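Please read the points below with the sequence and the model side by side. They are meant for someone who has not seen this structure before.

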Amino acid sequence: MAFDLAADIKTLISHVTQDIYLNDTPDDPDNLIGIFESGGYNPQRVMDQKKPAWENPTFQLMIRNTSAVTAKQWIESCKDALDGITNITINGHRYLSIFQQGDVLPLGKDGRNRISFSLNFRCSVTR
C-alpha cells in the first residue's frame with residue numbers, strides 16, 4: 001500500500017466531520033477540514049542501511065466553518081485526537097509519534113464570512 005499521510009490522518013479525525021479534503025480546500029462546502037502535507041524533516045538513517053529507519057513528515061490542518069464556535073470546537077477535537085499519539089498503525093503504516101507543532105493559528109474570515117484556523121503537526125513513521 002502506498003504511503004499517503006493525509007489519508008492516514010483523515011482516518012484519525014473522521015469523527016469530527018465527513019467533509020475532510022486531502023491537500024485541498026474547495027470553495028464548497030462552507031464547513032470543512034483540509035489536511036495538507038507540508039514537507040517535513042530529514043529521515044533518520046541507521047548506519048549501513050540505505051533505506052531510512054523512519055521518516056519525519058509534517059502536515060497542517062485547516063478548519064473552515066461559518067460558525068466561529070464550531071470552528072474552534074473542530075480544531076480542538078482534532079488536536080485532542082492527534083497530539084501525543086505514539087506507536088499506532090494506520091492503514092498499514094506504523095507511526096512512532098504524532099505531535100502538535102506550535103499552537104492553533106486563527107486565520108480570520110474569508111470573503112464569504114467563514115472563519116478559519118490552522119494547526120501543524122510533525123510525525124515519525126516507518127514504512
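1. K72 lies over the face of F117, 5.4 Å from the ring centre. A charge is taken to sit over a ring if NZ of Lys or CZ of Arg is within 6 Å of the ring centre and within 35 degrees of the ring normal.

2. Some ground rules. This is a predicted model, in which local features need pLDDT of at least 70 and side-chain atom pairs count only at pLDDT 80 or more, while totals for chains, interfaces and linings use all residues. Residues are numbered from 1 along each chain as its sequence is written, and side-chain values use heavy atoms, with hydrogens and water left out. Helices (H or I, at least four residues) and strands (E, at least two) are DSSP runs, numbered from the N terminus.

3. Which way do helix α1 and helix α2 cross? The axes of α1 (residues 5-13) and α2 (residues 68-82) come within 9 Å and cross at roughly 105 degrees. That makes α1 roughly perpendicular to α2. Axes here are lines fitted to C-alpha atoms, for helices over the stretch in contact, with angles from 0 to 180 degrees between N-to-C directions. Angles under 35 degrees count as roughly parallel, over 145 as roughly antiparallel, 65 to 115 as roughly perpendicular and the rest as oblique.

4. At this crossing, I9, L12 and I13 of α1 meet C78, A81 and L82 of α2; contact means heavy atoms within 4.5 Å. The residues of the contact divide into 6 nonpolar, no polar and no charged. For that division, Ala, Val, Leu, Ile, Met, Phe, Trp, Tyr, Cys and Pro count as nonpolar, Asp, Glu, Lys and Arg as charged, and the others, Gly among them, as polar.

5. How many aromatic pairs does a search of the whole structure find? The search finds 2. Rings of Phe, Tyr and Trp (its six-membered ring) pair if their centres lie within 6.5 Å; planes under 30 degrees apart count as stacked, over 60 as edge-to-face and the rest as tilted. F3 and Y95 form a tilted pair, at 6.4 Å centre to centre and 40 degrees between the planes. F3 lies in the segment before α1 and Y95 in strand β5 (residues 93-109), so this pair ties together parts that are 92 residues apart in sequence. F3 is partly exposed, at 23% relative accessible area, whereas Y95 is buried, at 0%. Buried means under 20% relative accessible area, exposed over 50%, and partly exposed in between (1.4 Å probe, protein chains only).

6. F59 and F121 form a stacked pair, 5.0 Å centre to centre with 10 degrees between the planes. Because F59 lies in strand β3 (residues 54-65) and F121 in strand β6 (residues 115-126), the pair ties together parts that are 62 residues apart in sequence. F59 is buried, with a relative accessible area of 1%, and F121 is buried, with 0%.

7. Some backbone details deserve a look. Most residues other than glycine have a negative phi, and most peptide bonds are trans. The peptide bond from D28 to P29 is cis, with omega near 10 degrees, and P29 lies in the loop between β1 (20-22) and β2 (32-44). N87, in strand β4 (residues 85-90), is not a glycine but has a positive phi of about 50 degrees. N87 counts as exposed, at 54% relative accessibility. N91 also has a positive phi of about 50 degrees without being a glycine; N91 lies in the loop between β4 and β5 and is partly exposed, at 35%.

8. What does S118 touch? S118 lies in strand β6 and is buried at 3% relative accessibility. Leaving aside neighbours within four places in sequence, S118 is in contact with Q60, L61, M62, I75, D103, V104, L105 and L107.

9. S116 is likewise found in strand β6 and counts as buried, at 10% relative accessibility. Not counting residues up to four places away in sequence, S116 touches M62, I63, R64, L105, P106, L107 and G108. The C-alpha atoms of S116 and Y95 are separated by 28 Å, with the two residues 21 apart along the chain.

10. K109, in strand β5, counts as exposed at 55% relative accessibility. Neighbours within four places in sequence aside, K109 is in contact with R114 and I115. K109 and A68 are 41 residues apart in sequence and 9.4 Å apart in space, C-alpha to C-alpha.
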